[in-house]
Every structure is written in structure tokens, then in C-alpha cells.
Amino acid sequence: MQSDRELRRKSGRPTKYNAVTVKRICAAIAKGMPFVRAAASGGISQDTFCTWRNIHPEFSEAIEQAVSKGMETNLGIIQNAAKKGDVGSAKWLLEHVHPEHFARNRMEVKHEVEGHLKHAIIVSPEVLEQIAKSRARYEEGGMK
């Protein structure tokens, strides 16, 4: 952190950068709050948050540690639930940690060439249902 003397030399409003504000922002991030909302909970704007990350390496490092702590905590909760037989938690964990193998919200394109090109596009039933609902809303008089 900068010393009080360094901060007073600058003109303008006094900085809100201090250990209490940093701790409040990092605690919010560790709970999973998006950066812009965590910044607001610390009483600063997103622009100030970004500036602090650029000019205060220790702040940037604290943010990265808070993200990791939050991920570790929440993954532990999901893993514990999965161990207790919560199939939804086990499914979520696989879909989000290994999406290339388990996520259903992706489009697969397969090619077979036999003198001409054939395409097979697979869209999950959930996505098709969302498309149908959106179309119905649109046909009823506009997007809602």
C-alpha cells in the first residue's frame, strides 16, 4: 500500500484504498460475487477496482487468492453433496469442471464425406425447448 504522505501529494478526493476496503471486497469475491458487485460492496466503482488491480500488485494478488478460495470452498460443498448421493451436485461438478466431456449445452457437428458432405447438428432438448418458448413469446406480441 502507498504511504499516507504519497496519497496526500496527489490532488483530488482521498483514496478509499485501505486494508478494510480490500478485505471487504475480497470477502465478497470469495463468496462468489462478480467483481463489479464486490467493488460496489466495498464502496468503489468498477473503474476504480480495475485501476487498483493495475497499480496495486498486492490488491491484484489478493483478488486472485479470493477467487481461488471461493472456488475451493464451493467445489468442496458440491463434492461433499455428491459423496452423500446428491446426483445433481455430481452432475453439476462434471458438467462444469469437464464440460468438453459432460456438458449438454454445446452443439456437435459431425462430418461424413461420401462424394458429398453430410452434416448432423445435435441440439439438446433443453435448448430446443428454450427456442420454442422464445418463438411463442415473440409470436404473442413481442419479446418479454
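Colleague: In what order do the elements of the protein run from the N terminus on?

Modeller: The model is predicted, and the protein holds 8 helices and 2 strands. Read from the N terminus on, the order of these elements is α-α-α-α-α-α-α-β-β-α.

Colleague: What percentage of the residues of the protein count as buried?

Modeller: The protein exposes about 11,200 Å², of which carbon and sulfur atoms supply 55%. Of the 144 residues of the protein, the part that counts as buried is 19%.

Colleague: How are the rings of tyrosine 17 and phenylalanine 59 arranged: stacked, tilted or edge-to-face?

Modeller: A search of the whole structure finds 5 aromatic pairs. In the pair of tyrosine 17 and phenylalanine 59, the ring centres are 6.0 Å apart and the planes stand at 80 degrees. Plane angles over 60 degrees count as edge-to-face, so this pair is edge-to-face.

Colleague: How many residues apart are tyrosine 17 and phenylalanine 59, and where do they lie?

Modeller: Tyrosine 17 is in the loop between helix H1 (4–9) and helix H2 (19–30), while phenylalanine 59 belongs to helix H5 (residues 57–83). Their pair links distant parts of the chain, and the separation is 42 residues.

Colleague: Which helices hold phenylalanine 49 and phenylalanine 59?

Modeller: Phenylalanine 49 and phenylalanine 59 form an aromatic pair, edge-to-face, with 5.5 Å centre to centre and 80 degrees between the planes. Phenylalanine 49, with a relative accessible area of 2%, is buried. The two residues are 10 residues apart in sequence, and the pair ties together helix H4 (residues 46–55) and helix H5.

Colleague: Which residues form one aromatic cluster?

Modeller: The pairs described above share phenylalanine 59, once with tyrosine 17 and once with phenylalanine 49. These residues belong to one aromatic cluster, whose members are Tyr17, Phe35, Phe49, Trp52 and Phe59.

Colleague: Which residues are in contact with isoleucine 29, leaving aside its neighbours within four places in sequence?

Modeller: Isoleucine 29 is among the core residues that touch the most other members, and it is buried in H2. What covers the buried residues of H2 includes H3, H4 and H5. Beyond its sequence neighbours within four places, isoleucine 29 is in contact with Phe35, Ala38, Phe49, Ile63, Ala66 and Val67.

Colleague: Which residues does threonine 21 contact, leaving aside its neighbours within four places in sequence?

Modeller: Threonine 21 has its place in helix H2. With a relative accessible area of 7%, threonine 21 is buried. Leaving aside its neighbours within four places in sequence, its contacts are Lys16, Gly42 and Trp52.

Colleague: How many disulfides does the structure hold?

Modeller: Cysteine 26 is buried at a relative accessible area of 12%, whereas cysteine 50 is partly exposed at 36%. A disulfide requires a pair of cysteine sulfur atoms within 2.5 Å. The number of disulfides in the structure is 0.

Colleague: How far apart are the end C-alpha atoms of helix H8 (residues 125–139)?

Modeller: Helix H8 has 15 residues, and at 1.5 Å a residue it should span 21 Å. The distance in the model agrees with this expectation, and the end C-alpha atoms are separated by 21 Å.

Colleague: Which residues does arginine 104 touch, not counting residues up to four places away in sequence?

Modeller: Arginine 104 lies in the loop between helix H7 (99–102) and strand E1 (108–113). Its relative accessible area is 43%, and arginine 104 is partly exposed. Not counting residues up to four places away in sequence, arginine 104 touches Lys91, Glu95, Ser124 and Glu126.

Technical notes: Residues numbered from 1 in each chain as written. Predicted model: local features only at pLDDT ≥ 70, side-chain atom pairs only at ≥ 80, totals over all residues. Heavy atoms only, no water. Phe/Tyr/Trp six-rings, centres within 6.5 Å; stacked < 30°, edge-to-face > 60°. Helix = DSSP H or I, 4+ residues; strand = E, 2+ residues; numbered from the N terminus. Buried < 20%, exposed > 50% of the residue type's maximum accessible area, 1.4 Å probe, protein only. Core = buried A, V, L, I, M, F, W, Y, C linked by side-chain atoms within 4.5 Å. Contact = heavy atoms within 4.5 Å. Areas by Shrake-Rupley, 256 points an atom, 1.4 Å probe, with all protein chains shown as cover. Expected span 1.5 Å × (residues − 1).
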